[in-house]
Amino acid sequence: MRVPRCMSTQHPDNVQIPFFADHPVIQGETEIKEAYYAYSHLGCTEQMWDYEGKEVDHFVVKKLLSRYEQFFRRRRLGADLFLTLRVPNPRVERAEAKVLLETLESIPRSYDAARLFYGDDTSPPIFEVILPMTTDARELNRVYHYYREFVGGKERQRCFDVSVGDWVGDFRPDRINVIPLIEDREHLLRADQIVAEYLQNKNVEYQRVFLARSDPALNYGLVSAVLLAKVALARLGRQEKRLGVKILPILGVGSAPFRGNLVPDRVKETLVEYPSVQTFTIQSAFKYDHEEEEVRAAIQHINETHRGEAQEVDEERCLSIIEKVSARYAECVKALAPLVNEVARYVPPRRARKLHIGLFGYSRRLDGHDTHLPRAIKFCAAMYSLGIPPEILGLSALDSSDLAFVRATYRKFDRDMEDALRYLNEENLRHLPRLIGREVKSAQENFPCEPSEEHREATGRIMAALRAGAERESPLTEEIVKAASIRRFLG
C-alpha cells in the first residue's frame with residue numbers, strides 16, 4: 001500500500017476563491033470539483049472528505065467516477081488515489097452522532113459504485129475514516145467494531161425469509177481502518193499508548209495517526225504546539241519499533257506560521273522539521289493563494305521524498321517549556337479574547353461549517369474568568385488583522401536558556417518567527433492590553449525583522465474601522481481580506 005504523502009483537506013484558510021467555485025463559500029458540488037482538481041491538477045493522492053460539522057455529499061464516489069470517467073479509468077480510486085472520511089465523534093458532537101452511522105453505512109454503497117465502474121472488486125474506494133478529538137482507544141474500537149459487525153457484517157443477518165446479503169448484495173469492504181485525530185495536550189502525550197491499545201488483537205500492515213497542529217497552537221501557543229508534536233512523534237517512533245507495526249503519522253499543518261507555515265516555498269524546511277511524518281495536509285490557502293505551478297511543484301517535491309526516523313527530544317525539558325509558555329499564552333489570550341471575538345465576526349467564511357468544540361471552542365474557566373475563542377483559522381485571521389501575530393503570545397515566558405533549547409529542537413523557529421513578525425503593527429499596541437506589549441518586546445529582541453509596510457497600513461485601517469463603531473461591517477471585511485491577500489492566507 002502506497003500511503004499518501006499529501007492529503008488535500010477542506011480547511012477554510014484561503015483568501016482567493018478557486019476558479020472552479022461560483023461562490024466564496026465552498027460547499028456541495030464545488031467540493032466534488034475540488035477533489036478532482038486536487039487529484040488531477042495538483043498531484044495530491046489523497047482527499048479528506050469532511051463530515052465533521054458540515055453537510056456533505058454522500059455520493060462523492062459515484063459523482064467523481066461518472067463525471068471524470070477518463071481520469072479515474074487511468075488513476076484508480078482506492079489504489080492510486082484515496083478518499084478518506086473525517087467523521088463526527090459521538091462523545092463530543094452529540095447532535096451529529098448519528099451522522100457517523102450514516103457515513104459508515106455509505107461506504108459499501110461507494111464500493112458498489114466503484115465495482116460497477118471498474119468491473120471488478122479488488123480495491124474499495126473508501127477504507128479509512130478519521131475520528132476527531134480522540135482521547136481513548138475505546139472510541140476507535142467502537143467505530144471499528146460497529147462497522148465490522150453492523151455494516152460489513154450486515155449481509156449475514158436474516159430479514160424475514162432471506163439473508164440481507166442475498167436480498168441486496170454483499171457489503172464490502174468488510175472492515176475499515178480507523179485513524180485517531182488527536183488534538184489536546186493530554187492525549188497528544190498519550191498518542192503512542194492510545195495506538196498500542198487500539199492495535200491489540202488486530203493484524204494490520206500499518207496504522208495511521210493524525211496529530212493536530214492548529215488546535216494545540218490555539219490552545220497552548222506556537223512553541224507549545226511544536227514541542228507537543230515533537231514529543232508525540234518521538235514516542236510514536238519508539239512505539240513503532242516495540243510493536244513491529246508501521247505507525248504512520250499525519251500532521252495537520254496550515255499556511256500561517258502559527259498553524260505550521262507549510263506553504264510552497266517552505267516545504268523543504270517542514271520536511272526537515274518533521275522527518276517521521278508520512279502525510280502532510282495540503283490546506284486551502286496552500287492550494288489557492290499561490291500560483292498553480294508553485295503549488296504543483298511543491299506537492300511533487302513532497303511526493304518524491306520518503307519518511308525518515310523520528311527525531312528524539314529531551315522530553316522533560318520540552319514539557320517544562322510547554323508548561324511555562326502555555327500559562328503565559330493563556331494570560332494573553334484571556335486579555336485579548338473580547339477583541340479577537342469582535343474582529344472574528346467580520347472574517348469572511350470560506351466553508352459552510354458549524355462550531356468546532358475544542359478546548360477553547362466553548363466558554364471555559366481560565367483563572368476564574370470565562371474565555372471563548374473562535375476556531376483556529378478565524379482566531380489567526382483576527383490576530384493578524386489586528387497587527388499582532390499570534391506566534392508572539394507566550395514567548396516572554398522563555399529565558400535565554402529556554403530559547404536556545406527551543407531553537408535547537410524546533411529547527412525552523414527563527415524562520416517561522418521572521419515570517420510571522422512581518423505582519424506586526426506596533427502602532428496598534430496602544431489600543432491593546434498592556435501585557436501584549438511585553439510579548440512584542442520579547443519577540444523583537446530575539447527575532448529582528450522588518451515588518452511589511454503594506455500589511456501595516458492595512459491593519460492600521462482595520463483598527464481605525466474597529467474604533468469607528470457603527471456602519472463598519474463592509475469596510476472591516478474588505479480590509480481583512482486585503483491584509484490576508486498580502487499574507488497569502490486568511491488565518
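Start with the contacts of the whole protein chain in this predicted model. Of those with a separation of 6 or more, 80% join residues 24 or more positions apart.

Next, colour the protein chain by secondary structure. There are 20 helices and 12 strands to find. The radius of gyration is 23 Å, close to the 23 Å from the globule rule for 491 residues, so the protein chain is as compact as a globular protein of that length. Turn the view along the principal axes: the C-alpha trace spans about 75 × 50 × 45 Å.

Now show the surface. The accessible surface of the protein chain comes to about 19900 Å², and carbon and sulfur atoms hold 48% of that area. Of the 491 residues, 61% are buried.

Select the charged side chains next. The protein chain carries 71 positive and 74 negative ones. The centres of these two sets are 1 Å apart.

Where does asparagine 428 sit among the helices? Select helix H17 (413–421) and helix H18 (434–446); asparagine 428 is in the loop between them.

Is asparagine 428 buried or exposed? Its relative accessibility is 4%, and the cut-off for buried is under 20%, so asparagine 428 counts as buried.

Technical notes
Residues numbered from 1 in each chain as written. Predicted model: local features only at pLDDT ≥ 70, side-chain atom pairs only at ≥ 80, totals over all residues. Heavy atoms only, no water. Helix = DSSP H or I, 4+ residues; strand = E, 2+ residues; numbered from the N terminus. Rg over C-alpha atoms; globule rule 2.2 N^0.38 Å. Buried < 20%, exposed > 50% of the residue type's maximum accessible area, 1.4 Å probe, protein only. Contact = heavy atoms within 4.5 Å. Areas by Shrake-Rupley, 256 points an atom, 1.4 Å probe, with all protein chains shown as cover. Lys, Arg positive; Asp, Glu negative; His and termini not counted. Charge placed at Lys NZ, Arg CZ, Asp CG, Glu CD.
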